Amino acid sequence: MNSLAPATGTSTALTVRIAGHEAVCDWRGVLFFPQMSLMVVSDLHLEKGAAYARRGRMLPPYDTAATLKRLATTLADYDPEIVISLGDSFHDDHGAAHMPGPFRTRLVELIGARDWHWIAGNHDPAPPPDLPGHCAQEIAIDGLIFRHEPAKGNARGEIAGHLHPGARIVRRGRSVRRACFASDGSRLIMPAFGSLTGSLNVLDRPFDGLFARERLAAYMLGRQGIYAIAGSMLR
Amino acid sequence: MEHRTHPIDGIAAPFLPAPFSAWFATRGWQPRAHQLELLARTQAGRSALLIAPTGAGKTLAGFLPTLTDLAARPKRKPGAARRGVHTLYISPLKALAVDIQRNLNMPVAEMELPVTMETRTGDTPTHKRQRQKHAPPDILLTTPEQLALLIASPDADRFFSDLRFVVFDELHSLVISKRGHLLSLALARLRRMRPELQTIGLSATVAEPDELRRWLVPQDTARALSDIVTVSGGAKPHITILETEERVPWAGHSALYAIPKVYEAIRAHRTTLLFVNTRSQAELLFRELWRANDDNLPIALHHGSLDVGQRRKVEKAMETNSLRAIVATSTLDLGIDWGDVDLVVHVGAPKGASRLAQRIGRSNHRMDEPSRAILVPANRFEVMECRAALEANYLGAQDTPPLVEGALDVLAQHVLGSACAAPFDADVLYGEVASAAPYAALDRTTFDRIVDFVATGGYALKTYERYARIRKTKDGLWRIANPRIAQQYRLNVGTIVESPMLNIRMVRRGRGNASRGGPVLGKVEEYFLETLTHGDTFLFSGRVLRFEGIRENECLVSAGGGEDAKVPYYAGGKFPLSTYLASEVRAMLADPKRWKALPEQVAEWLSIQRDKSILPRREDLLVETFPRGERFYMVLYPFEGRLAHQTLGMLLTRRLERAGAHPLGFVANDYAIAVWGLNDMAAMLKDGRLSLAALMDEDMLGDDLEAWIADSWLLKRTFRNCALISGLVEKRHPGQEKTGRQVTVSADLIYDVLRAHEPDHILMQATWADAAQGLLDVRRLGEMLSRIRGRIVHKSLSRISPLAVPIMLEIGKEAVAGDANEALLGEASRLSGEELMQEALEA
């Protein structure tokens, strides 16, 4: 696992420090704390396609399967004892209640014997019915606090989701935009993991006041790896 | 002027009511032969196509059948039911509808005809539209989008109950796009409501008039044709190519060298219309002309991104002849005849002979006097192209593109619209759709897949049945599931998909929102703004603007200065060189006798090429190889236009990669492609490790094309358009942008999911068909590959050839190609550096 070095090769994971803890940002969009064997994933938005279809937009019905498949590979790679799903796990309550059988079965398999925690999000405030795992508004572990929506102002050790951070660079007259982990070393905001989830630029207003700007870095999710970009280079 | 009379088989002489002959007489006019012939044919119940050059009185000809019919109509008795619309006039441009109304008002008023006439466009206020529904005018002048909305409303049948004629203006330009497909479907619907309906098409000269004749009539019987009336001739335009002692540049499109001469020409004429091919060129030319404008002549700018108020002001000024020159793009292309234009200057090559004829037609609208035009080539290849176009215009050669089959995303939109109007029977709707010329070859299976797509998305995985938008009920009819669907349809109707644009608003220098509230100058593409950072300057609306930032859906700018302002680029607007002109340029290149018609410096350049390398024959493909610096170059000269060349470049580099030539990149323009790599391609060709015949084999359009294209951003852009038009995703409406990106679903994401899970989905097929015709120009590439089989001429050189200079100058100017995004990310990441990162990570 490569860290920080301005390497020529591309890394698939980068190690960062959040409030003194070492964590691995994976290019697929999950965060892993090796010391605790804890994996965090945020904004799965399962059944988003179905939610749109109910309103007359027939998006491809494959997003849930795709999201679960990617989730399965990250779980297989890190094999975490603890998993925290950081809210908006389902696109809406209806989706949580009516997920087609095969998906539900697959999800239950993935949860398996792990210590699985569902954090409540704004899309799915109610806990997923009948699924294994514990439900909570937030979880505090050893100086870290896991919640869906970032708290206002400074919050050392906070790992949050909700905002779907994305970052943009401009090089050689060309603009590249990707989902990203955003962190100033004190707080970290997770990228959205769901297959049909867009992103919001970390420089936009909803992020105002969340980071010490001079220490902000974006870990952008590429197609081949993850890229650490200094805040000063973001556009 | 010559009027070609077709034997009027069994058609009676036209009946021109007394007020009309009297009116012609008082004006000292004679009705023209083609006006009478068209009248006779329509009075015999036929539909007809009128092909005539500008200035031939096309508009009056097109409306005579309507006006004479309305004049003879008995007065409505008090208390009788209101009559519906009698004639629909459809034009591609809103401005044209307004203009036609003004032109028709005169005869209608002077003959005191009992005729009401109104426009209905996207700008028409809601209350007026409501009123038009209840009290329709006799003649409604409108656009394809508005017609689609009208036929999708539940009272369409009543509204069109008295419809007799549909007049299509500028039909040649309507039929070539998806708008034309949507319009053909609307026409098929109108015909089903009113089987006796007659159509009249007005068109400039086209290569294949039969395609338009088919378009006008139902294709129930194989290849049915409308009647045709052709007016040929008109005075030959007087066209010259700008003569200059200045050096004509090797490459580039700005033609700045010619500014003094162009300015001189403006001074020597009453009103000059300057055409350019892109909005960026318009901005540049406008700025340079004002720099040269010592006499302070009134020179204006007109292009599609400018604020509507600003454009209307310019149009008004044209009308009153208070301008000396107008710099314009294609927004002024079509038959709008304002003002007393006595010179057309075309800056940059026209790219197609037909387009040139159309634009030159802007000057001097009296058909019997010659138009005057000056062509200004921007570089040396364009000199040849202008020369070829000029000869083509004299020859009357036409190179309008062949029509393509009706697009499936448009069909999907129409199917939903049909259900919004009234429950439909699939068999009946299929029959109706297949009667429209663009859909005549549509098979039933594909049609049913589209209906399924409209209903539930058409996925193999049938999970959305319960959410269906349209449903087949017990009576066998398809109905919309709820009224919200119709509402959604109305908001998304139309086929014009613009790239996301932001308003440009002037504010005072400096950040902060206190300075909000300056004027809106127009719109610019989001793609361009994404490449700007605070403080950058760019050229817009003829001024230098300083980029202050983006707030919600507006781009804030302040007055800027400085010389090195960027010029916004716009998606689209760049036409590739037409097949016909390309072939003419190749012919000219091959024939030294024809070089005499070229400027000295260009002829000299070609003769040096002949000495140092080879000049290919007309049907040959010249391939040159040479080393330069640390790299080895291969330059090909197919002359098939930028789009086909880009596709060929992509495929060629893939093949060179496989052959071990280690290509590093390529660049393409309208005339040539240059590929460069680390290995000596000339040596590889010599010892047989590489074969040009194999490289350029037609089979490259098979697997290679599919493998490359699936990943290409080109296909994603095309998919986005198909997704919008077919109603899979919603159009963005002004004010919605605020809701934030994270809640909208981008078409790119949908594409990725669909490609991974259902690559054969009907929308993917539609996307592929679209891209092959449009952005990739696969048809043309295929024709080229078959043309050059066995005719590839390779010349191995020790240094760059004269002919290669222009394309070599393009290297480095082009933005990084295709899928370089990862490389850019890697670069930015390295630049971020250890130090910065360390700082960022210290907690």
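In β14(B), B:Ala373 is the bridge partner of B:Ile239. This pair belongs to a predicted model, in which β9(B) and strand β14 (residues 372–376) of chain B pair in the parallel sense over four bridges. Strands of a sheet pair through backbone hydrogen bonds, either parallel or antiparallel.

**The sheet of chain B**

- Six strands of chain B make up an open sheet with parallel pairing, in the order β9-β14-β13-β10-β12-β11.
- The edges are held by β9 (238–241) and β11 (299–302) of chain B; each has a single partner strand, so one side of each is left without a neighbour in the sheet.
- From one strand to the next, the twist averages 20°.

**Helices packed on the sheet**

- Helix α12 (residues 279–292) of chain B packs on the sheet and touches β10 (272–275), β11, β12 (325–328) and β13 (343–347) of chain B. The direction of α12 makes about 155° with that of β12(B).
- Helix α13 (residues 308–319) of chain B also packs on the sheet, touching β11 and β12 of chain B, and its direction makes about 130° with that of β11(B).

**Domains of chain B**

- The domain assignment of chain B gives domain 1 (2–232), domain 2 (238–395), domain 3 (501–559) and domain 4 (618–812).
- Between the C-alpha centres of domain 1 and domain 3 of chain B the distance is 44 Å.

**Chain A**

- Chain A contains four helices and 16 strands.
- Its radius of gyration is 17 Å, close to the 18 Å that the globule rule gives for 235 residues, so chain A is as compact as a globular protein of that length.
- Of the 235 residues in chain A, 53% are buried.

Technical notes
Residues are numbered from 1 along each chain as its sequence is written. Chains are lettered from A and ligands numbered from 1 in the order in which they are written. This is a predicted model: local features need pLDDT of at least 70, side-chain atom pairs count only at pLDDT 80 or more; totals for chains, interfaces and linings use all residues. Domain bounds come from an automatic or database domain assignment. Helices (H or I, at least four residues) and strands (E, at least two) are DSSP runs, numbered from the N terminus. The radius of gyration is taken over C-alpha atoms; the globule rule is 2.2 Å times the number of residues to the power 0.38. A residue is buried if 20 or more other C-beta atoms lie within 10 Å of its own, exposed if 12 or fewer, and partly exposed in between; C-beta atoms are placed from the backbone. Two strands pair if DSSP finds at least two bridges between them. Axes are lines fitted to C-alpha atoms, for helices over the stretch in contact, and angles run from 0 to 180 degrees between N-to-C directions. Two residues are in contact if their C-beta atoms, placed from the backbone, lie within 7 Å.
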